[in-house]
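Work through these exercises with the sequence and the model side by side. Try each task before you read its solution.

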Amino acid sequence: MAHIPDGVLTMPVLLGGGAVSAAGTWMGLRQIGPERMPQVAVLSAVFFVASLVHLPAGLASVHLLLNGLMGVVLGMAAYPAIMVALLLQAVLFGFGGLAVLGVNAANMAVPALLAGWLFRRLRRPGDFSRRTALAAGSAGGGAVAATALLVAGSLALSGQDFLPALTVVAATAAPVMVVETVFTAAAIGLLARVRPELLDGQP
Amino acid sequence: MSILTLPPAAAGSLIARLNPCTRVVAAFAFALAAAAGGGLAAPVAGLALALLLAGLARLAPGRVLRRLLALEGFMAMLLLVLPFTVSGTPLFTVAGLTASAEGVRQALSIALKANAVAVAALALLGTMDMVTLGRALARLGLPDRFVTLFLFTVRYIDVLHEQYGRLRLAMRARAFRPSAGLHTWRSIGWLVGMLLVGSLERSERIHAAMRLRGFTGRFPRLDGQPAGALDWGFGAAHAAWLGAMVLLGLP
């Protein structure tokens, strides 16, 4: 529900998204020293592969977004990681597009950064309890909700005609949000127990 | 079988003989030009060019067709809703809802543009080795770190996808059947958590091995061929068509 294809948005929205993403990617890249490069690339690859994982949710089948998880583990470096994964998805599978790359990256990476910030606010460092899982769940679900809002916003900015259709975006986002909340809580809960330094090491 | 090795452009085809940088620039220029135009004439011209490019890359028709139908579900729904939400001259009525001619035109225009860009991207970039694409991005001036991240990611996607398949098989062997419910969603969470733990450890070992061999955090730039007469010729024709497309789309 988050990959907007080419041809939908108007030029000003494309340019705005491109500018935000260029700045975000540049800032994120500055955080990736040679030591962190493999870690960021692994997360970027996970984000890419997640789009191929379909999960049943009620009547429909949804695919994971994973931007909350990216923000929680990577912080600012999530931006370039999402950018790279989206470029590959567009080229290899035709998910999303080329001119909208900036907008799509912003729609997913800005919520990722917010989710990372929220997670670090809610969780105490060194904690492995239920509280960590709860913080991760809210980060995961919140990131999906924020992405849906931004997708709806990009469409609304591109034309008044899209306004009534925005309920479609909300309807497709709701199941993803529920699944992603539970999913992120479980994934980060496991990481906190097995590799706690991964979650505590971030600024 | 790797998910990254798409069938390449037929050897000797025009697209395969172009410089990778030319292909990258042509693909992004195409996407931007398509975004600029409205109406129906410009998207039709765009789709014609995209199909011509697919022909020049000698793509299998089945592959092009699959990409045409790959629009995500929510976009398809959005396009279906559009005729009924745009006001204008009534065209037909379904279950009490009236579709307007303007709405149908607009939905058609968007669908044509989206598909044209998707096919052009497939013909120009999807037929390229991803490592070649990474090098082309470097030559086009993207930051070293971005390109390094891109190349590492390309490397890890296969590893991860393979590992993901192994873990899913292990779950199936233990009678896991995905269904809508907490149990499934949590199990998949743990699956991806395990995937991360395993891959991160592996990536650290790979990185240590690379450092041992003198890797300093960036790959050396391999200078490819400079743009030749073919690239300039193709670029000029491509640009002319795109220019005509933008003019057609002007209101």
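**Exercise 1: The fold of chain A**

Task: Compare the radius of gyration of chain A with that of a compact globule of 203 residues.

Solution. This is a predicted model. Start with the rule: for 203 residues, a compact globule would come out near 17 Å. Now take chain A: its radius of gyration is 16 Å, which agrees. Next, look at the extent. The C-alpha trace of chain A spans about 50 × 40 × 30 Å along its principal axes. Then check burial. A residue is buried when its relative accessible area is under 20%. In chain A, 66% of the 203 residues are buried. Last, turn to contacts. Take those in chain A with a separation of 6 or more; 76% of them join residues 24 or more positions apart.

**Exercise 2: Secondary structure**

Task: How many helices and strands does chain A have, and in which pattern do they follow along the sequence?

Solution. Count by type: chain A has eight helices and two strands. Then read along the sequence: the pattern is α-α-β-β-α-α-α-α-α-α.

**Exercise 3: The largest pocket**

Task: Describe the largest pocket by its volume, its lining and the elements that build it.

Solution. Begin with the volume: the largest pocket holds about 550 Å³ of space. Its lining has 22 residues, and those closest to the centre are Gly18(A), Met83(A), Leu101(A), Phe28(B) and Leu142(B). Now find the elements that give two or more residues. In chain A they are α1 (11-29), α4 (78-93) and α5 (101-122); in chain B, α2 (20-36). The most comes from α1(A), with eight residues. Sort the lining by type: 18 residues are nonpolar, four are polar and none is charged. Finally, look at the domains of chain B. Domain 1 (14-128 + 225-249) and domain 2 (136-212) each give at least three residues to the lining.

Key:
Residues are numbered from 1 along each chain as its sequence is written. Chains are lettered from A and ligands numbered from 1 in the order in which they are written. This is a predicted model: local features need pLDDT of at least 70, side-chain atom pairs count only at pLDDT 80 or more; totals for chains, interfaces and linings use all residues. Side-chain values use heavy atoms; hydrogens and water are left out. On a 1 Å grid over the protein atoms alone, a cavity is a set of points where a 1.4 Å probe fits but cannot get out, and a pocket is an open set with protein on both sides within 12 Å along at least five of seven lines; lining residues have an atom within 4 Å of a point. Grid points are joined across faces, edges and corners, and a volume is the space filled by probe spheres set on the points. Helices (H or I, at least four residues) and strands (E, at least two) are DSSP runs, numbered from the N terminus. Ala, Val, Leu, Ile, Met, Phe, Trp, Tyr, Cys and Pro count as nonpolar, Asp, Glu, Lys and Arg as charged, and the others, Gly among them, as polar. Domain bounds come from an automatic or database domain assignment. The radius of gyration is taken over C-alpha atoms; the globule rule is 2.2 Å times the number of residues to the power 0.38. Buried means under 20% relative accessible area, exposed over 50%, partly exposed in between (1.4 Å probe, protein chains only). Contact means heavy atoms within 4.5 Å.
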